[in-house]
Amino acid sequence: MKESRIYKIAEAMFQVQPGEARRTLLMFVYLLLGMSAFILGRTVKSTLFLTYYKVSNLPYMYIAVAVVMAAMAAGYSRIVDRFRRDRLIFGVDILFAALVIGFYGLIAMQTGKGAGFKPGDWVFPAFYILIEAMGLLIVVTFWTFANDLFTSREAKRLFSIIGAGGVLANVVCGSTTTWLVKGGGLGTVDLILLTAAYLFVCALVIRLAGRGTSFTIKPPQAVRHTANFLGDIKDVMSSRHLRFVAMVVAVMSVVITLVDYQYMVSLKKHYTGDQLTVFQSWFVMGTGIFGCVMQFFFTGRLVERFGIMVALLFLPLGMGSGLIYFIPTVALAGAVVAQASNYVFRYTVNDSTMQLLYIPVQPAKRGRAKAFIDGMLKQIANGTAGLLLILLNQVRMPLNRIAIIPAVAIGLWLFLLTRVKREYLKSLMDTLKKRSLDLAATGINASDEGTVKTLSGILTDPATAPDHLLHAMDLVVYVKSPGWASVLTALLSHADPRIRNRALELLGSLGWSVDIKEMMKCMQDADEQVRATAIQAYCNVLKERAVAGVKGALRDPSPMIRAAAVSGLIRHCGLDGILEAADTLKKMIENRDDAERFWGARTMRQIAVPNFYHTLFRLLGDSSLEVEKEAIAAAGEMRSKELVPALIYKLGRKGAASVAASTLARYGDDVVDTLYKVLANTGERREIRLRVPRVLSEIGTPRALEAFMKCLGEPDGVLRLRMVSYLSKFRRQHLDIMVDDAAIIAQIREDIRHAYQDAVTIRDLKFETEGWNILREALEIRFKRHVATALRLIECLYPQSQMSIIIANLSSDNASLRANAIEAIDNMVSRSIGRQIIPLIESGDPASRDDLFDDVGGIRSMEREAWLKDLLKGPDPWLAVCTLCEIKTHGPATLMPLVAGTVRSSDTLVRETALYAMLQSGAPLVDPEVLEDLTRDKSPLVAGFARELLAMIRPPVPEATQ
C-alpha cells in the first residue's frame, strides 16, 4: 500500500526518515490535542479561582495540588508497567473527560443565577486540582509512551517535531478561546466542555495509534507480587544519572512555581473576570506563536548541532532575565517576560530535551522513574514552594524580594545542568556495556599470621578438593612463611599428580630447603610429568652436586625426561652439567622423530642461551608445525637479534603466525625499526604486513607508537583498518603515552571524506535496485571500512571511552542499543567531526547530504562511464576486477578498449578477468604479440584465455588435402 501524501510531505520537510512519518504524526496530533485540553482547562481554572478566591490563597493550592498529585503519582507508578501504554493512556483520557464533564455541571450550578442548588465554592479549588492532575498524567504518560516508541537517535531528531504539537496547542487554544469569548459570546465556564471534547478526541487518536501503526507496543509487564513504593524510589534513585535529573527537575519546579505566583499576583492587580480570561488567551496565543517558531525552526537544530547542554540552558536563562527586570521594578512586564520564557522554552526546547535524558534508562525502570520524578518529586517541589510562599506572606515580604529566591535557584539549576550532561553520557555507556563482563585481576601480598594459618589449614586438610588445593598453592607465592617447605613436601605424596607436580615446582623455583630423599623419590614417580619436574627441581636445589644423580636420566627412553635432564643440567649445574648434557641435546635436535625434535626445541626454550641461535635456525625451518612453533617460542626466550628476520617471515606462516607475533613482541624496541620497514614496504608480502600492527601494539612503547603514526596514510584499506584497530588497543593499554591528536584528527577527516566519496560513487553508478551486484558490494565494503577506520581513530583520541563496546553495538540487532551507541559517539566527539560522521553511521543515504560536501571537501560526482574508467585505472586490484565484471555484464561496449589495457596488470586476477571479459564479448582487442607473451603466464587461466583469444585472431590453417 502506498503511503499517503501527508506522510511523504513530512518526510521531505522535516528530518523524518521513511517509516517514521505515521507514528510521528500520530504523536504530534495527540500532544496537540492533549496540551490544548490542559491549556484551556488551566486558563479556566485560574480565572475561576482568582475570581472567587483571594490571590493569597494561591500558595495553599500549590500545596494541595502537590499532595494530591504525589499520591496519584505513587498509585500511577504501581500500574504503569502492568498495562500496554496505549491502553493506559486511553483509559486516562476517558476518565478525565468524564470528570471534566461532571465538574462542568457542578460549576454551572454554582455560578448560575437564581435560587437553584449550589454545591459550594469548593468546586473551584477542586477543579483547579483536577486540571493540574490531568495535565500531569497527560504529559507523563505521553512521554513515557514516546520513549518506548523511539530510539535515542530518533528521539533526538523527532521529539522536537512531536513537541511542536504541544507548542502549537498554545496558538490553537489562545486564538480559539479569544474568539469564543469575545466573538462567540461564550463564558469562561462554557469552555470546560471544549476541554472534555479535546480529551475524547485524544482517546480516539491513541486508539488509532494502537490499532493501525506498524511499530511495536510494549507488552504488559508481569505483575509484581510486592508493592513497595519506597523500594521503587530506592531503585530509581540508585542511578547517579537519575539522581541528577531529579535534582534538576526539583529545582526547576520550585523556580516555575515561584514565577507562576509572581505572575498571577501581578496579573490580578490589572485584570478580573472575563478580561482575565481574554488576557490569558492572548498571552497563551502570543507565547504559542513564539514557541512554534522556536520549535519548528530552532529546537531540533539546537539539540542536534549544540547538544543537550545548550538546549537546556534556554529556560533558566530566559526566566532569569525576566526576574532581573522584575526585582528592581516590580513591573508586570518583568513577570510577563519570566512567565513567557516558561511558556515558550519549557514546552519547546526544554521539555523535548529533558525527555532525551530518560532514553538511556532501562525500559523496565523508565516508567517508574518518570512517575516518581515528573509526578511525585515535581509535586513535592511545588508543595515546598507553596509552603515557602505562605511563610513569606506571613512576614509580608515584598513581591520583588520573593523574586530573589528563584533567581538564586536558577544559579543552582545552571550548575546541575553541567553535571547532567556528564552523567547522561555515562548512562548511555552503561546501557552499552551491560552485556560485558568486567574481570578484575586481584593480587594478594599478605604475610600476617591469620593469612598464613588459614592458607596452611587449607593445604594440610585431606578433605580439600584438588582444584581448591591448586588454587591455594598458587597463593603460596604471595604469602611468605618459613613453614611452607614442610607443608609442600608433605604434598609430594598426594594422590593427584597435578598436586605433586605443583609442589615440586614451588619447592624448586623458590629455593626452599627440602627433604632431598622425598624429592628423589619423585624422580621415580609413575607420572612422567612429575618425574620431569622433579629432575629440574633437584638440579635447581643441589646445583653442581646434582650431576651424578641426574645424568642417568639422559638415557631415559622418554624424550620429556631427557629434555628435563638436559635443561636442568645446563641451567643449574655449571660447566660439568653443560658438558654432560650437550651431546644428548644435539642428538635430540637432529633426530628424525618429531617428538624428539619437539623436546629438543622445548629444551632450547628452557635454557634460553642467546649464543645457541645457530642451532635454533634448523628447528625454525622444521617440517613439523609443532616443532616449528616451539622453536619460535624458544627464540622469544633467547632474544637473539640474528633470529629477527626469520621470525618476521614466520608472521606469514599459517599456524605459526600468532606465536611469531608474541615472540617478536618480547624483543621490545630492538625490533621496532625493522618492523616499521616491513610495515611501510608495499612490496613485502601482505600477510606479513597485516600481522605487524599486532606486534607493535604488544610492544607498547613510545617508539612503537611512532611507527604506528608514520604509517597512518597506508593506502591498503584492509591493512590500515587492522593497523588503526591495534593502535586503538595500544592507546587503551598505555594511557600514559601521548599521541599526536592533530595527526589523528586529520586522518579521521580523510577517512570520512573517502566514505562520503564511496557513497556518492555508488549513487552515480546507478546500479539496478534488484539483484546482487559485485561492484556495488565491493564499494559498500570499502565504505564500511572507511567508517570503521574513522571510528577506531576516534577511539585513539578517547582511549578511556569504551569505544570498542560502542562500535560493537552499532551492528546490534537491537535498534535501541544501536541508537544509544550513535548517541554516545555524538556526545563524545567534537561537533565538527560529529556532524560529519553521524550521517555515515545512521540509517539513511549519506550521499544525499550535499550540505556537508563543502565541509568535508574534495567530493567528486561523475557520470557512470567516467566512474567505471576511474575505477578500472585505480590502485585497488579487487575494485578493478569488480569493474571488469560490471563492464562485461552491463556495458558499455565503448569501454572494452580499456578492458584490453588491463591484461598487462601486475595482479593475476585482474589479468584473468580482463581476458575472460574479452572472450565473452568476442572482441579480442589485444595485440597478438601481447597475447603470445601471456600464453607463457604463470597463471594457467591467463595462459589458457590468451591461447583462446589468439585462436580467434589467427584461426588454425586447415590441413592440405591429399
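Predicted model: local features only at pLDDT ≥ 70, side-chain atom pairs only at ≥ 80, totals over all residues.
Student: So angles between axes under 35 degrees count as roughly parallel, over 145 as roughly antiparallel, 65 to 115 as roughly perpendicular and the rest as oblique. What are helix 35 and helix 41 to each other, then?

Tutor: They're roughly antiparallel, therefore running against each other. The axes of helix 35 (residues 774–797) and helix 41 (residues 877–890) cross at roughly 155 degrees and come within 8 Å. Axes here are lines fitted to C-alpha atoms over the stretch in contact, with angles from 0 to 180 degrees between N-to-C directions. Helices are DSSP runs of H or I, at least four residues, and strands are E runs of at least two, numbered from the N terminus.

Student: OK. Which residues make the contact between helix 35 and helix 41?

Tutor: Helix 35 brings I774, L775, A778, L779 and R782, and helix 41 brings W878, L879, C882, T883, C885 and E886, where contact means heavy atoms within 4.5 Å.

Student: New topic: how many aromatic pairs are there?

Tutor: The count comes to 10. Rings of Phe, Tyr and Trp (its six-membered ring) pair if their centres lie within 6.5 Å; planes under 30 degrees apart are stacked, over 60 edge-to-face, the rest tilted. Y52 and F124 have ring centres 4.3 Å apart and planes at 10 degrees, so that pair is stacked. Y52 sits in helix 2 (residues 21–52) and F124 in helix 5 (residues 123–149), 72 residues apart, so to speak distant parts of the chain.

Student: Is F124 buried or exposed?

Tutor: F124 is buried, at 1% relative accessible area, whereas Y52 is partly exposed at 37%. Buried means under 20%, exposed over 50%, partly exposed in between (1.4 Å probe, protein chains only).

Student: And what about Y613 and F617?

Tutor: That pair is edge-to-face, 6.2 Å centre to centre with 85 degrees between the planes. Both lie in helix 25 (residues 613–620), four residues apart, about one turn of the helix. Y613 counts as buried at 16%, while F617 is partly exposed at 34%.

Student: Which residues form an aromatic cluster?

Tutor: F49, Y53 and Y128 form one.

Student: Last one: how many helices and strands are in the protein?

Tutor: 45 helices and zero strands. Of the 962 residues, 55% are buried.

Notes:
Residues numbered from 1 in each chain as written. Heavy atoms only, no water.
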